[in-house]
Amino acid sequence: MARPTQARILTGNIRHNAQRVRERAPNSRVMACVKADGYGHGITTVSETLHDIVDGFAVACMSEALALRDAGVSKPVLMLEGPQSADEIPEAAQKNLTLCINEWHQLEWLEKARLSAPLPCWLKIDTGMHRLGFSPQGTAEALQRLERQARGSELVLCTHFSSADLPTDNGVEQQLQCFDEAAGGAPYAQSTANSAAILKIPGSHRDWVRPGYMLYGGSPLADAAAAEMNLKPAMEFSAEVISVRDVPTGDRVGYRGRWEAKRPSRIATVAAGYGDGYPRHAPDGTPVFIDGKRALLAGRVSMDMITLDVTEHPEICVGARAVLWGAEPTVDEIATAADTIGYEILAGMPRRVPRLVTG
Ligand SMILES: Cc1ncc(COP(=O)(O)O)c(C=O)c1O
């Protein structure tokens, strides 16, 4: 029998969340971010789920773009990091991919490729993230050169926010001002908004929005839970209780005995650990729901197992189902407890955990 540790992918919730994007940004086209294997949900599952709702898919790199084309995706596929070598350009042209041109060397590769037909391109402006993109001062020249290559095919100007998730001092206004000045009224479509900006900053929506995390039902905002924005979790990660034991007062549980029983305790062992994507740094007290009851992590996370204090729930026994994240607890709660972000947890879900796709 298969190990009953699984991630259920709730495609109905992905569609629901995409509708929230449409509601928030009704006049923008939607480029769904499905990089990192659809934030861990399965790139083809997500692209099939969203095919009739969104206008295109954004990936990081060529292998992800090809996975989409191989799966039969016919909509625009944008490579956010652009080509990583000159020989990716003819391949991109052959597969009708859209390249984000971020750097001078990418522009040179494109010029030298002498493609017989123009390729749709986005041009990124670095407005403060200082990760990728042309400087505001270099944008006019980069755009002129890209226009020559585009020869009438679609061009989009874009940028990326560094801190749109923060409630104050997020620098979005300054980045937008810098973007508008660098774009200089060029007659092209624009794209600036990630999930946080879609939810909070209507002035950033422009022609294309680029949602990622909100499609998967997480909250991209530092100060609001996903449910408050009517977003629904797209993954339910669950496992089973495989052992229950009594532990006397004073005994310790798990590696290096991090947790100590302060009273006669019952400990349930659940078959999921950091080798399954559960964050190793989750502290004692991190919640898990077993058959709907809240139990708390007791002891260090092992590779394949966690241990939980179920003293308050004597009815919990071997075979009970433990939800590690989903509707409750949310992946954002677990991430906060483990001092990370839900993005990292979802994108890091290993293939070892089978994905069970349900509507
Ligand atoms: C360039 C770019 N656009 C959009 C996104 C989507 O961001 P989010 O998942 O916060 O919506 C990302 C994610 O990292 C990105 O790198």
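Helix axes are lines fitted to C-alpha atoms over the stretch in contact, and angles run from 0 to 180 degrees between N-to-C directions. Helices (H or I, at least four residues) and strands (E, at least two) are DSSP runs, numbered from the N terminus. The model is predicted: local features need pLDDT of at least 70, side-chain atom pairs count only at pLDDT 80 or more, and totals for chains, interfaces and linings use all residues. Residues are numbered from 1 along each chain as its sequence is written, and side-chain values use heavy atoms, without hydrogens and water.

The protein has 11 helices and 18 strands. Its C-alpha atoms fill a box of roughly 75 × 45 × 35 Å along the principal axes. Of its 359 residues, 53% are buried (under 20% relative accessible area, 1.4 Å probe, protein chains only).

Helix α1 (residues 11-24) and helix α3 (residues 43-50) have axes that come within 9 Å and cross at roughly 55°. Thr11, Ile14, Arg15 and Ala18 of α1 make the contact with Thr45, Val46, Thr49 and Leu50 of α3 (heavy atoms within 4.5 Å).

The disulfide count is zero, with a disulfide taken as a pair of cysteine sulfur atoms within 2.5 Å. Cys121 is in no disulfide, and the nearest cysteine sulfur, in Cys100, is 8.7 Å away. Cys121 is buried, at 2% relative accessibility. For Cys178, the closest cysteine sulfur is that of Cys158, at 13 Å, too far for a bond.

Definitions and conventions
Buried means under 20% relative accessible area, exposed over 50%, partly exposed in between (1.4 Å probe, protein chains only).
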